[in-house]
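Hi everyone, thanks for coming. I'd like to walk you through a structure this morning, so please have a look at it while I talk.

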Amino acid sequence: MMTTETQTELREDELLIEPAEPTQPRTRPRTRRPDPGTTETGPKRLVRSATVSDRFNLLGAGAAAIAVSTLLFFFLTPMTGYVGWIVVSFLGFLLIYALLVSLSGNRQEVSDRILTCLLVSAGVILIFALVFVVAFALLRGLPALAHLNFFTETMKLAGPLDPLSMGGILHAIVGTLIQISIALAITIPLGIATAVFLNEIGGKFARFVRTISDAMTALPSIVAGLFVYAAVIQFITHERSGFAASLAISVMMLPIIIRASDVVLRLVPGNLREASYALGTTRWRTVWHVVLPTARSGLVTAVILGTARGIGETSPVLLTSGVTAVLNFNPFEGPMISLPLQVFDFVKSPEPNMIARGFGTAATLVLLVLLLFLIARAIGGRAPGVLSSRQQRSAAMRSAADASRITLRHMQREAAAHPIEYAVETPVEDAPVAPDPGETKPVADASPETAPEGAPDPPVRRRILPPRLDWGRLRHSLTTGRADPETPVDPDPDPDPDSDSDPQTEERSS
Amino acid sequence: MTDPRDEGAERDATTELLVERVLTAPGLRDELATEVLPLAGGDPEARPEPRTLRSRPSGPDRLFRLTGFAAGGTTVAIMLAVGVFLSFNAADAISVAGLSFFTTTEWSPETQDFGIAAVLFGTVSIAIVAMCVAVPLALGTALLISEVAPGRFKSFLITLVDLMAAVPSVVFGLWGVFFLQESVIPVSQWISKYFGWIPVFAVTDADGVRLTDASAFTSSAFIAGIVVALMVVPTQTSVMREAFSQAPIGEREGALALGSTRWGMIQTVVLPFGRGGIIGGTMLGLGRALGETIAVYMIISPIFVINWQVLKTGSNSVSALIALRYGEASEFGLSALMAAGLVLFFITLVINFVASSIVARSRSGAQSEA
């Protein structure tokens with residue numbers, strides 16, 4: 001009986017490697033058109049694109065509106081100003097468009113078209129305004145950014161009247177990097193540990209913590225700054241420092257990171273956790289080896305988005321870090337300015353050069369945030385557990401290695417435990433043709449490790465062979481999820497005399 | 001999470017009652033398929049303790065739990081420290097000012113004459129202007145993204161809006177000061193000229209004479225409100241978009257199959273399903289607008305009188321007040337500022353909680369299983 005069990009297990013192993021159904025290249029499409037018969041089919045209708053009259057309505061309404069408002073503004077009425085012109089044009093466009101649509105459609109169609117126009121214009125206004133805000137900072141910042149010394153010098157020796165070729169914001173860049181690093185060193189472990197606590201441990205206290213951290217997101221940034229100013233600077237350090245600023249930033253970033261990580265961890269499928277527990281894993285190992293790796297990309301995104309928010313915080317830094325023009329590497333002593341505060345400080349001056357520097361600093365800040373955001377996008381575009389192709393390949397390799405290791409160990413154990421069960425009366429060693437079952441002949445090269453010393457002699461021991469594994473095929477099937485189409489699966493289930501012995505002999509031996 | 005012991009005890013009592021009934025009912029005992037054994041006597045000593053099914057955590061697990069609790073505890077401690085410290089310090093100022101803290105418009109803690117009526121009014125007026133600008137934009141953009149925009153353009157828009165949420169507020173402030181300020185003044189003048197009969201839009205001096213000079217329109221709550229609106233729109237848009245995208249596909253297709261236009265479908269399916277998202281997103285944005293500091297501080301010229309005319313120069317906000325006055329404040333002055341900050345915090349807290357509960361209620365909980 002043992003042998004048959006082993007046999008079926010082996011078969012299953014093989015089945016895992018070779019899918020039962022041979023995949024044939026599909027020759028026919030899955031769906032077929034019904035036979036048209038004698039019915040005439042007209043030309044294919046385009047359901048998605050707008051018709052000519054739709055386009056004419058749009059273009060005509062636009063042209064008419066522009067003409068009307070130009071007429072009103074420049075010839076007929078005393079109205080002036082380009083803002084007014086745009087507003088009148090827009091209203092005129094809506095009116096004329098509604099009129100044109102109502103010529104062919106009913107009331108529903110008119111309201112549909114008009115509201116679609118309104119939705120599109122809301123989107124256009126918003127996107128235009130937001131892009132314009134960023135582009136405005138970047139464009140006005142160009143004169144300052146063009147000078148390389150802007151990034152390599154500090155404002156120590158440069159006054160408000162000095163040209164842009166003197167002085168720079170190196171001190172602010174260094175300050176921002178130091179402050180955000182300290183803040184990250186505080187918030188990443190604390191934030192992710194809290195999120196893990198909320199998700200994996202739970203309980204009454206966790207609900208309380210979640211409520212509190214939700215409340216913390218409502219904390220106005222200036223109040224966080226005021227807290228650090230009153231509690232840390234006035235009570236303990238008695239001077240503004242980079243460390244105090246990073247504490248204030250941490251207070252602002254912590255709830256953001258907790259919330260984002262909490263959401264990401266909640267998305268980790270519960271059956272992964274259950275599978276891990278079912279295998280007898282302890283809690284922390286489940287978290288460490290299953291939950292956190294699954295959510296890794298999401299967690300990185302959460303941290304980066306928190307960083308982007310933290311870098312841009314001005315008001316808490318305004319109260320805590322102090323303004324300086326010198327490079328300061330020590331976060332615990334002396335004021336340490338950061339980029340947003342430097343922007344704020346620059347544009348307070350009426351001098352055009354200082355304002356240009358302010359825009360240059362703002363542009364640097366925006367570019368930094370954009371960079372962080374792009375990195376976050378590149379890492380975190382995927383849902384938890386969805387792997388990149390590279391990760392998929394490495395996971396498949398690991399899985400294949402595991403499979404072979406497990407199979408080999410299984411074989412060895414079986415061999416060590418039941419040396420007799422594998423004994424057959426016939427040597428089938430590498431024989432191309434199965435020999436006569438009745439024949440008994442000792443074989444010289446029976447492997448010694450599988451045969452215990454005192455084993456009875458007459459039944460000839462057969463060498464235990466690992467299951468037939470075709471590595472290339474295995475890898476292929478693991479990476480693509482189907483068998484290699486180029487190597488057709490053998491229809492004969494048992495072509496190799498090595499891997500199986502004759503069922504008759506087995507029955508006899510057991 | 002209830003203690004399984006409690007549950008066990010409860011179940012035990014119920015079982016006992018049942019068994020007693022079965023035992024006392026005439027004839028019933030013989031009909032039972034399984035024999036009912038009496039519980040182990042009446043005395044509770046002899047009865048076996050209900051078994052707990054929880055395994056004892058291993059050493060590393062206990063450490064893990066401990067770390068988790070420590071992290072949660074630290075977070076709570078930080079938060080409570082902020083709250084307790086602020087209230088403790090603010091108590092000083094509030095005990096001096098009493099209820100007049102909410103009615104006084106002046107801010108001079110040195111003479112014990114201070115209150116947040118004017119700054120709170122300014123904060124709220126800026127936030128209202130911001131909402132008037134932001135909500136239509138956010139609603140339209142959210143509907144555009146979730147209903148109208150085709151595939152790739154849609155994900156591009158989503159990325160762009162998310163990106164805008166991360167742009168630092170000081171950049172918006174720069175834009176407001178150096179661009180919007182001058183280009184929006186003609187609009188303000190136009191509004192005050194034609195809609196000046198509405199008191200809010202009038203721009204008059206102390207004697208009620210209408211002002212038309214451009215300098216009367218700079219640094220107003222209106223301009224600050226527009227800038228704040230742009231800052232909160234991305235937040236509102238993403239909350240609303242998420243709510244809209246959860247409107248069930250079956251109802252959408254049902255509406256379209258009945259011959260509805262796209263707007264008809266939006267009106268009858270998407271908007272009712274997304275109502276929670278609209279309200280919640282608006283309020284979340286409102287919370288952010290109330291707490292916004294640096295952009296407001298850069299734009300407005302601070303005053304300490306209640307100014308109903310949103311287009312007129314001069315406004316104030318609680319956060320701008322703190323940023324303005326913290327430096328030269330005495331200890332008592334700082335306490336007064338903290339009282340103002342605490343009031344602001346309470347307002348944003350209430351708004352945030354209401355908003356998130358509305359959003360949570362509108363969301364179906366079937367997304368994750370764990």
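Let me start with a definition: buried means under 20% relative accessible area, exposed means over 50%, and partly exposed is in between, with a 1.4 Å probe and protein chains only. Now for where all this comes from. This is a predicted model, where local features need pLDDT of at least 70, side-chain atom pairs count only at pLDDT 80 or more, and totals for chains, interfaces and linings use all residues. Residues are numbered from 1 along each chain as its sequence is written, chains are lettered from A and ligands numbered from 1 in the order in which they are written, and side-chain values use heavy atoms, with hydrogens and water left out.

Okay, chain A. Its secondary structure comes to 18 helices and zero strands. Chain A has 510 residues, and 42% of them count as buried. A contact means heavy atoms within 4.5 Å. Take the contacts in chain A between residues at least 6 apart in sequence: 68% of those join residues at least 24 apart.

Here's one pair to look up. Leu370(A) sits in helix H15, residues 352-380 of chain A. Leu370(A) has a relative accessible area of 25%, so it is partly exposed. From Leu370(A) to Ala308(A) you count 62 residues in sequence, yet their C-alpha atoms are 8.4 Å apart in space.

Next, salt bridges. Side chains of opposite charge can pair when their charged atoms come close. The rule here is a side-chain nitrogen of Lys or Arg within 4 Å of a carboxyl oxygen of Asp or Glu. How many salt bridges does a search of the whole structure find? Over all chains, the answer is eight.

One of them joins Arg113(A) and Asp54(A), at 3.2 Å from N to O. Arg113(A) is in helix H4 and Asp54(A) in helix H2 (residues 52-76), both of chain A, so this pair ties together parts that are 59 residues apart in sequence. Are these two buried or exposed? Both Arg113(A) and Asp54(A) are buried. There's also a network of salt bridges here, linking Asp54(A), Glu109(A) and Arg113(A).

Another one is Asp214(A) with Arg259(A), where the closest N and O atoms are 3.4 Å apart. Asp214(A) belongs to helix H7 (residues 204-217) of chain A and Arg259(A) to helix H9 (residues 242-266) of chain A, so parts 45 residues apart in sequence get tied together. Arg259(A) is partly exposed, at 33% relative accessible area.

Then there's Asp402(A) with Arg405(A), with closest N and O atoms 3.1 Å apart. Those two are three residues apart in helix H16 (residues 389-417) of chain A, so about one helical turn separates them. Asp402(A) is partly exposed at 35%, and Arg405(A) is partly exposed too, at 41%.

Now let's see where the chains touch. Two packed helices are described by the angle between their axes and the distance between the axes. On the H4(A) side, the contact is made by Leu126(A), Ala129(A), Leu130(A) and Val133(A), and on the H7(B) side by Leu230(B), Val233(B), Pro234(B) and Thr237(B).

Thr75(B), in helix H3 (residues 59-97) of chain B, is buried at 0% relative accessibility. Leaving aside neighbours within four places in sequence, Thr75(B) is in contact with Leu190(A), Thr194(A), Leu254(A) and Ile258(A).

Last stop, a loop in chain B. Ser219(B) is in the loop between helix H6 (169-195) and H7 of chain B. Its phi is near 50°, a positive value in a residue other than glycine. Ser219(B) is buried, with a relative accessible area of 11%.

Methods. Helix = DSSP H or I, 4+ residues; strand = E, 2+ residues; numbered from the N terminus.
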